[in-house]
Amino acid sequence: MEQYEFIVVGGGPSGMSGAIEAARAGVKRVAIIDENLTLGGQLVKQTHKFFGGKAHRAGERGIDIGVDMERTCGELGIEILRDTVVWGIFNHDTLALYQDHKSRRIRAKAILLSTGASENNITCPGWTLPGVMGAGAIQTMMNVHRVLPGTKILMVGSGNVGLIVSYQLVQAGAEVSAVIDILPAIGGYGVHASKITRLGIPIHVSQTLKEIRGQDRVEEAVTIEVDSSFKPIPGTEKTYPVDTVCIAVGLSPLSELAWMCGCEFRYIGELGGWVPCRRETMETTAPGIYIAGDASGIEEASTAMMTGAIAGLSVAERLGYLDPGKSKILRQEKIDGLVPFRCKYFEFRQEANQRLMEMGGVVQ
Amino acid sequence: MRILEHPILGDQPSRKKVTIDYEGKKIEAYEGEPIAAALSASGVMVFRRTKKFGEPRGISCAIGQCTDCIMKVNGIPNTRTCVTRVEAGMTVEEQR
């Protein structure tokens with residue numbers, strides 16, 4: 001069986017950061033495994049500029065950050081296994097891969113699960129009609145494959161994803177009829193919301209989907225207002241003649257491999273649901289299995305890079321390439337980098353992470 | 001609909017045009033793009049129908065997770081068209 005020092009499952013921002021930090025510290029035989037043909041995870045579709053400070057690569061576009069990180073991986077001699085699925089992990093050190101229609105096993109001294117997240121759905125009559133798509137799916141189609149899946153869109157969800165994708169849809173030549181959100185306030189950054197309203201797109205809060213209608217495809221969507229306890233108010237329906245309904249109502253961690261490793265979990269709604277318990281080093285309760293990025297709790301690409309880096313530095317320490325003191329200092333820089341993304345609008349993330357700690361989800 | 005020009009991404013990169021066979025009709029596609037992208041650009045919305053109720057399903061996640069876009073490609077059923085790349089002369093049909 002082939003032996004690696006460090007295997008990273010998922011080559012998005014957190015996985016690449018983890019691999020890069022570990023390799024920089026001297027860890028040998030580092031590999032990133034990804035089920036896609038291209039690395040970068042969701043960065044490949046993020047045409048917008050990032051926020052934060054220099055450490056977060058603010059002002060750079062996600063698409064460029066992904067390419068640059070992949071180049072760094074190459075310079076550091078990190079092996080990349082593309083088009084390869086990890087379908088299981090056994091004994092905390094053996095990974096089962098599916099590649100080229102064949103299965104094989106490899107072994108690693110440490111494993112980072114940076115498997116990301118999947119998009120949430122909401123259900124209403126008609127929610128399975130062709131033309132109802134996740135915001136990430138629409139971004140993939142238009143920004144990666146350069147195909148616009150619809151021309152007239154109703155956006156459901158006013159978080160940053162809903163707002164940014166609305167703007168990107170207009171950039172690509174589509175018309176966004178409205179953005180709705182069941183919550184009584186806009187979820188995303190004010191700067192993104194302003195861009196949408198400047199384009200003349202209304203954002204309606206306290207509204208949800210009642211029904212999507214159409215023969216074999218979306219032809220119209222019906223919204224309805226809700227009261228303060230989220231109950232629909234009859235008589236407030238509004239019909240939008242749209243061909244596409246874009247769903248941007250959050251994400252859930254993709255943590256099957258962590259469940260399979262027997263990791264302990266806690267339920268924290270604001271972090272996307274069930275999240276694996278972890279140490280400050282991002283090690284789960286399964287020895288040698290680390291977690292980072294959205295798989296460890298839904299936040300964003302900038303925080304994914306930080307948590308991935310923390311995991312990578314911890315792995316370097318575990319394998320004897322970094323002394324504990326130095327590792328702690330380097331990790332603290334990354335922990336400090338998380339702060340701007342866990343305040344103001346996203347204060348709830350700090351609170352959620354605090355609650356995770358109180359629930360025994362952060363192991364000392 | 002193809003996005004020919006884009007304020008951030010620029011013009012479409014030049015790619016090799018090929019044809020694929022969709023339900024007995026020839027449609028235009030670019031070599032190497034996902035089959036689902038080519039079908040969507042040609043206006044195809046229904047990729048499969050559910051076995052029991054015959055309900056239509058189309059592209060939902062576009063990254064190979066949800067399997068709503070599975071079709072029979074070159075005779076192989078259950079092919080995820082959103083992550084399977086176009087090759088010239090492929091046959092693509094609804095799985096019945």
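**Chain B, overall**

I began with chain B, which reads β-β-α-β-β-β-β-β along the sequence; helices are DSSP runs of H or I with at least four residues, strands are runs of E with at least two, and both are numbered from the N terminus. Chain B has a radius of gyration of 14 Å, close to the 12 Å of the globule rule for 96 residues, so it is as compact as a globular protein of that length. That radius is taken over C-alpha atoms, and the globule rule is 2.2 Å times the number of residues to the power 0.38. I also noted that the C-alpha trace of chain B spans about 45 × 25 × 20 Å along its principal axes.

**How I read the model**

This is a predicted model, where local features need pLDDT of at least 70 and side-chain atom pairs count only at pLDDT 80 or more, while totals for chains, interfaces and linings use all residues. Residues are numbered from 1 along each chain as its sequence is written, and chains are lettered from A and ligands numbered from 1 in the order in which they are written.

**Chain A, domains**

I then looked up the domains of chain A: domain 1 is 2-118 + 251-363 and domain 2 is 121-247, with bounds from an automatic or database domain assignment. Their centres, taken over C-alpha atoms, are 31 Å apart. Six residues of domain 1 of chain A are in contact with eight of domain 2, contact being C-beta atoms, placed from the backbone, within 7 Å.

**Chain A, a helix pair**

Next I checked α4 (residues 160-171) and α5 (residues 190-198) of chain A, whose axes come within 9 Å and cross at roughly 35°. The axes are lines fitted to C-alpha atoms over the stretch in contact, and angles run from 0 to 180 degrees between N-to-C directions. On the α4(A) side I found A:L163 and A:Y167 among the residues that meet α5(A), where A:H192 and A:I196 are among the partners.

**Chain A, two positive phi values**

Which loop holds A:D216? I found A:D216 between β12 (207-213) and β13 (220-225) of chain A, with phi near 65°, although it is a residue other than glycine.

I placed A:F230 in the loop between β13 and β14 (238-240) of chain A, and it counts as exposed, with 11 C-beta neighbours inside 10 Å.

Technical notes. Contact = placed C-beta atoms within 7 Å. Buried ≥ 20, exposed ≤ 12 C-beta atoms within 10 Å, placed from the backbone.
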